[in-house]
Amino acid sequence: MLSLFVNSRSFNVLGNHISSGKVLQTHLSQAKCVFSSSFCDKLSLILSGYSLLRDPHHNKGLAFTEIERDAHYLRGLLPPVVLTQELQEKKLLHNLRKYEVPLQRYMSLMDLQCLPITIDVGTNNKQLLNDDFYIGLRQKRARGQERNERLFYKLLIDNVEELLPVVYTPTVGEACQKYGSIFRRPQGLYISLKEKGKILEVLKNWPEKTIQVIVVTDGERILGLGDLGCQEKKLLHNLRKYEVPLQRYMSLMDLQERNERLFYKLLIDNVEELLPVVYTPTVGEACQKYGSIFRRPQGLYISLKEKGKILEVLKNWPEKTIQVIVVTDGERILGLGDLGCQCLPITIDVGTNNKQLLNDDFYIGLRQKRARGQEYEDLLHEFMCAVKQQYGEKVLIQFEDFANHNAFDLLAKYSKTHLVFNDDIQAGTGIAELIALEMSRQTGTPIENNREKIWLVDSKGLIVSSRMESLQHFKKPWAHDHEPVNNLLDAVKAIKPTVLIGTSGVGKTFTQDVVEAMASFNEKPVILALSNPTTQSECTAEEAYTWSKGCAIFASGSPFDPVEYEGKIFVPGQDKKSEALAQQVTQENFDKGLIYPPFKNIRKISAHIAANVAAKVYELGLATRLPRPDNLVKYAESCMYTPAYRNYR
């Protein structure tokens, strides 16, 4: 399964391609091998496609030419831009200089590179033996880089005076002393007393067979620092050292690439702390700066260059059993506007109208104005047909972050032939429709009557009947009889709503005057600022509680810290839309101002929501899993992903 989570901007890249007992065989069976002279003077057999991008000796990242991308099955696995090595180097140096702590620069450089051999015979260092992060043999001493190697060395050679103090003394001394806590991935051979009698087998496990030089250490006198043994990582410990949220985000994305199950375990166990890093607000900044922080491809990229070749692009993805695809054309990422080819997992790149991106040296998408009309429709149609041909009729396609003028048309066009949905256009009119439907279900009144109790405001003001001819079709059911009102504050004063919901993606629209007006005619005004990221939120939690004098019930699309107002602590909720979710809210949650349960219970809550959805499916006679499980909640829990490591024979 290709698990793709666009909202968290995180997804499974490696998938489950390591099958029990046949790790290497499975890996090789999924990769296509070709003879190539692109990377060395003589012909050599190298892995192509996804595996080539994970081979630091041969990987060139965005520097692969168009010809190389076709020859080595890389089409679609990389964004469409072709960068020179010099520009890659410029971008890396630009990012390195943002790290103020030398050790973080060191870690970033080591991520780029690929290392020596450690002989582990234990350590006499008591501090290490008592260190939870220590990765070596816990006994007394017995007496007896990964992404793009060439780019790493080019960067180092061209900037040796600046970077030598980072990769060598003084920084490397600190790296040695803290190796256990900064350890990310193995980069060489480790031979300990456990391997006595098996050292030849260990050497055979190294993938390179032509070895001319070996650097070996037993760790007893590293850089004159004394007995350092061999140490391990502690991820959360390291993450908390990053003061800049974007650096935490990048570190977490590196972990997901290296160790998928550990990434999800860390996220599940620390969801309240890490969700603001992998989702809003940090992911908004990550999207805007994606070109400059881009490290490795993690999904499929389909641009106008791939027109007529989309099926070939889909075949280049290593996972063949796909259940869910999330696709975006980048025109409305998190309400941030046109970001072009900036976000994952599957990006349809038809250009961008964002002038800042078009003039950005680090932009990785097509440098052209956004395609419209027939050219756009043809590319999307080819994509939809290719997806069904490659993955079958049951693959679920989520349209994510498409602008409204395309989102509604795509959903209408393909809902009859494909399994599709778009959660973005469930906001605004979608939320209004769901509220009206629920009111009808609970009261037995016609939905038309309930629509009349719900008012919408767009960029031109209150949606009223006199605007009917100029309204988009999805707004027309919400046009009611009322004199025109051209701003939100006057609309609030005129309608006097009990609930104010913001989904426009325009920040700071719930002004102090608006919130105070809501509080003037409601004992407990409900204010839902659902737009994200944080910069686009209609108001902050502190503003809502302060301006309403502590009487507001507040929730948001972006996370906000608890707020103290006149001695009382208010805990803002973060939006998760579901009736089953509402049933999970306790009185204790209500007392704190929460209308949603805390995120720490998200897996339990998710199981209950899934069970409710399943119950409805069975009720409608649409279920294919028969007979019906006796306990839908337990069954849902059994189907959930678990990050626990699997055993390999």
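Trainee: Why is asparagine 532 called buried?

Mentor: Buried means under 20% relative accessible area, exposed over 50%, and partly exposed in between, with a 1.4 Å probe and protein chains only. Asparagine 532 has 13% relative accessibility, so it counts as buried. This is a predicted model, where local features need pLDDT of at least 70, side-chain atom pairs count only at pLDDT 80 or more, and totals for chains, interfaces and linings use all residues. Residues are numbered from 1 along each chain as its sequence is written, and side-chain values use heavy atoms, leaving out hydrogens and water.

Trainee: What makes arginine 332 partly exposed?

Mentor: Its relative accessible area is 25%, so arginine 332 falls in the partly exposed class.

Trainee: Which residues does the UniProt annotation "binding site" cover?

Mentor: According to the unreviewed UniProt entry, Arg332 and Asn532. They are spread over 201 residues of sequence, yet cluster in space, with a largest C-alpha distance of 11.6 Å. Such annotations may be inferred rather than shown by experiment; positions follow the numbering used here and feature names are shortened.

Trainee: Why is cysteine 639 called exposed?

Mentor: Cysteine 639 has 51% relative accessibility, so it counts as exposed. Cysteine 385, at 38%, is therefore partly exposed.

Trainee: How many disulfides does the structure hold?

Mentor: The count is 0, a disulfide being a pair of cysteine sulfur atoms within 2.5 Å.
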